[in-house]
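Please keep the sequence and the three-dimensional view at hand while reading.

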Amino acid sequence: MKKKIIVMGALSMVASSLIAETIEIEQIGIIDSAITEDMKATVVSKESIDNRVGPGATNPYKALDMLPSVHTGQADVYGLSLDQNSFRIRGLYADTFGRFALTNDGVPSVVNVGQGAMGSILDMENIDSMSFTSGPSNADSGFGFGNNAGSLDMKTKKALDHFEVYMKQTFGGESFSRTFARVDSGQTVHGSKFFISASHSEVDKWRGSGMSKRDNIEAGITVPITDALSVDILAAHNDIERNDYRGLTYAQASDLSTYNDFDFNTQLTGSAANDKYYYDFNKQHFKENLIQANIQARLLDGLLSIKPYHIDTDGYRLGYNSSSNVVNKIDMEQEQNGVVLRYDKSFAWLDAAIGYWYQKIDTIPPPAGQKSYTISNGHLVFSSWGMLNDIGSREFKSPFLTLKKETDDWKVQAGVRYLEMKLPSIQGYTTTAGDVSYDEAMASATIDPDLHVDAITFKKVLPSLNLSYKLSPDVLLNANYAKGYANPWNGPLFSIYKSKKSVFQSAGITLQDIWDKLKLETSDTYDIGMKIKGENWRVEPTLYYSKYVNKQVTVYDPVVNLNYYQSNAQAEGKGVELSAYYEPTPDWELFSALSYNTLNFTQNLVTTGGALLEVDGNQVPDAPKWLFKVGSTFKYDGFFLTPALKYVDSRYGDILNTQRIPSYTTMDIECGYVRRNVAGFKEIAATLSLQNLFDRQYIAIIKNDLDDSGTNSASYYPGAPFTAMASLALKF
């Protein structure tokens with residue numbers, strides 16, 4: 001293993017991350033941060049997005065998978081499985097409900113469904129670039145439920161100044177089909193311009209029965225009202241339905257030659273114990289809407305921007321109950337509203353920005369309504385209401401200030417953000433209503449006085465500091481610090497109290513008692529690095545250290561003899577990252593990234609019965625220590641060929657580090673032909689994508705969420721087999 005790592009390190013010195021921040025090199029299509037941009041962020045170009053997100057064009061995290069310390073996984077190769085996508089940064093699970101901030105044009109853009117959606121409501125063809133940060137964001141960015149894993153801001157491809165039609169058709173394995181079309185109006189007589197796009201994607205599951213289908217429509221308009229005032233509006237509607245993939249046990253994951261294709265049952269058997277695993281009883285369907293605006297005005301020699309936004313979702317999730325022979329249905333209707341205000345002004349000696357972020361979201365886990373169904377003669381029969389709750393609003397209030405100074409050799413950016421996060425009040429109800437709507441059930445419901453909690457508010461100051469120094473024209477030194485935060489999971493805490501209410505009450509513990517012990521998880525992250533470049537090469541080493549406080553874990557409470565979520569653990573992460581780039585000729589590029597990441601708790605934990613879990617120093621589940629990515633791009637007369645290889649180190653499915661998942665290596669190849677101004681078209685592009693070229697069997701995802709999974713509590717999802725996809729794009 002040591003020899004393998006040494007070889008990988010040597011290769012990394014003569015290659016580069018395909019998507020890494022540049023100093024002045026533009027050959028690989030990466031754009032540099034502007035003066036008003038986050039100094040810490042890596043900017044991902046449109047070319048890199050198109051090359052890496054894959055033919056599904058819905059999962060933005062795939063565009064980052066050649067970066068150091070980024071580990072992505074998908075239950076399907078097209079990324080249509082939403083929350084069954086996986087994403088880790090420097091070993092930390094990056095979910096949008098707790099630790100990762102996904103924004104579009106600076107405002108939150110993700111609909112949080114269930115355990116935190118891992119996909120995007122937007123088609124990636126409409127994204128022009130992305131700004132990615134590992135670890136906590138600077139004070140003026142990273143707005144969301146949390147950001148201590150990182151943040152990603154997507155920049156919308158605005159309406160073009162000229163008329164243009166773009167159409168793309170893709171076909172692939174498992175009957176995959178995707179049609180995308182976009183029309184740009186060009187400037188009208190008053191200078192306004194707009195675009196509208198639509199897409200339809202569908203695919204059969206690669207294992208088991210069922211399918212995924214997604215329909216999307218988006219529109220954007222830019223209106224220059226005066227020379228000093230303009231308005232941008234973006235709207236999107238997303239409709240996605242799919243059958244879920246079934247997770248494997250560790251024993252099954254250890255025998256992929258037998259269980260690689262194992263999934264939900266394709267036939268009904270007449271036994272409820274088996275039929276709860278029927279594929280069509282494990283599915284979901286959601287409709288999502290997004291509308292956001294950016295109102296910009298020149299004011300007092302500065303720039304004022306007002307960015308209001310609205311996101312909503314309406315749908316359901318159907319899934320088996322692991323502890324009984326029933327199927328649960330959760331109806332989810334959520335609404336998210338907010339605004340980001342910002343004023344930028346340059347003075348003689350510095351640039352300053354002051355702003356305010358506000359967000360309110362209604363109905364968030366625990367579920368407002370959950371129904372249980374028994375299975376009879378192959379049909380779901382209503383049994384009872386498992387949950388019926390009235391949930392208040394979750395609110396975020398956050399003013400921020402950043403100051404930036406630049407000289408010939410120095411750049412300094414300092415910022416501070418004040419965060420006030422309110423968890424909602426919750427009132428539980430009991431009802432004897434049948435299979436009716438939530439409103440109808442509430443009309444006849446009775447308050448359960450034992451299932452009530454008042455709202456609680458967390459307050460925290462979040463500073464950030466970035467320094468860079470140009471040691472020479474070819475050597476740049478940088479150092480960064482930021483404090484991040486993560487939203488605590490309160491849904492599972494409410495659920496365990498409801499199911500074990502008599503146990504808690506016999507010990508004199510109310511729901512409010514354990515609710516008040518929730519704390520805001522915070523992190524402090526430090527990193528130092530260098531950017532060294534030559535005439536046709538670049539090397540970028542980075543060292544980092546992160547400390548996590550009030551980390552939420554499942555901990556044993558001897559008073560009630562139960563395990564439940566508590567905010568009392570500490571952890572630390574540290575590692576080294578190395579990316580490099582080499583261009584032997586103008587038509588040949590090499591790129592790679594090497595990283596070593598450790599993330600572990602700094603204390604032991606206790607389980608039910610008081611047993612000590614000796615986990616101090618153990619790596620958290622699903623976090624490979626070594627990651628290595630290497631690839632190359634060859635170009636000739638409109639043709640291109642990009643092979644890319646990824647190595648993922650072994651990792652564990654439990655915090656005891658007993659359920660080991662082997663390392664794996666996969667190779668993907670992208671090739672194609674692009675020709676401009678031919679046959680009446682502005683551009684014709686044909687591409688062929690070969691994913692998992694050698695048909696490697698491996699575990700892509702270990703589902704554990706909170707990084708503290710005990711033995712036999714994680715689910716394992718195999719990676720997709722070899723898949724070929726072809727697309728044709730026309731622009732005129």
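Ser175 has a relative accessibility of 55%, so this residue counts as exposed; exposed means over 50% relative accessible area, buried under 20%, and partly exposed in between, with a 1.4 Å probe and protein chains only. The model is predicted: local features need pLDDT of at least 70 and side-chain atom pairs count only at pLDDT 80 or more, whereas totals for chains, interfaces and linings use all residues. Residues are numbered from 1 along each chain as its sequence is written, and side-chain values use heavy atoms, with hydrogens and water left out.

- Ser175 lies in the loop between β9 (164-172) and β10 (176-184); helices (H or I, at least four residues) and strands (E, at least two) are DSSP runs, numbered from the N terminus.
- Although Ser175 is not a glycine, its phi is positive, at about 60°.
- Asn677 is not a glycine either, yet has a positive phi of about 55°.
- Asn677 belongs to strand β36 (residues 664-678) and is exposed, with a relative accessible area of 67%.

**Nonpolar cores**

- A nonpolar core is a set of buried Ala, Val, Leu, Ile, Met, Phe, Trp, Tyr and Cys residues joined through side-chain atoms within 4.5 Å.
- The largest such core has 83 residues, and those with the most contacts inside it are Leu64, Phe87, Phe100, Met130, Phe132 and Trp515.
- A second, separate core has 17 residues, including Leu80, Val203, Tyr698 and Tyr717.
- Neighbours within four places in sequence aside, Phe100 is in contact (heavy atoms within 4.5 Å) with a set of residues that includes Tyr61, Phe87, Ile89, Phe132 and Leu152.

**Aromatic pairs**

- A pair of aromatic rings is described by the distance of the centres and the angle of the planes.
- Rings of Phe, Tyr and Trp (its six-membered ring) pair if their centres lie within 6.5 Å; planes under 30 degrees apart count as stacked, over 60 as edge-to-face and the rest as tilted.
- The structure holds 28 aromatic pairs.
- In one of them, the ring centres of Phe143 and Phe400 are 5.6 Å apart and the planes stand at 35°, so the pair is tilted.
- Phe143 is in the loop between β7 (127-134) and β8 (150-156), while Phe400 is in strand β20 (residues 393-406), so this pair ties together parts that are 257 residues apart in sequence.
- Phe143 is buried at 3% relative accessibility, and Phe400 is buried with a relative accessible area of 3%.
- Phe145 and Phe396 form an edge-to-face pair, with 5.3 Å from centre to centre and 75° between the planes.
- This second pair links distant parts of the chain, 251 residues apart: Phe145 is in the loop between β7 and β8, and Phe396 is in strand β20.
- Both Phe145 and Phe396 are buried.
- Ring pairs join Phe97, Phe143, Phe145, Trp357, Phe396, Phe400 and Trp489 into a cluster.

**Charges over rings**

- A charge sits over a ring if NZ of Lys or CZ of Arg is within 6 Å of the ring centre and within 35 degrees of the ring normal.
- Lys345 lies over the face of Phe347, 5.7 Å from the ring centre.
- The charged end of Lys551 sits over the ring of Tyr548, at 5.9 Å from its centre.

**Strand pairing and helix packing**

- Five strands form an open sheet of mixed pairing in the order β1-β7-β8-β5-β6; two strands pair if DSSP finds at least two bridges between them.
- The edge strands, β1 (42-44) and β6 (107-108), each pair on one side only.
- Strands β7 and β8 run antiparallel and are joined by seven bridges.
- In helix α7 (residues 491-499), Gly491, Leu493, Phe494, Ile496 and Tyr497 are buried.
- The buried residues of α7 pack against elements including β19 (379-391), α8 (501-506) and β28 (562-585).

**Two threonines**

- Thr258 lies in helix α4 (residues 256-259) and is exposed, with a relative accessible area of 52%.
- The side chain of Thr258 makes a polar contact with the side chain of Asp255 (3.0 Å); a polar contact is a pair of N or O atoms within 3.5 Å, where within protein one must be able to donate a hydrogen and the other to accept it, and residues adjacent in sequence count only if both atoms are side-chain atoms.
- Thr642, in strand β33 (residues 639-648), counts as buried at 11% relative accessibility.
- A polar contact of 3.1 Å connects the side chains of Thr642 and Thr633.
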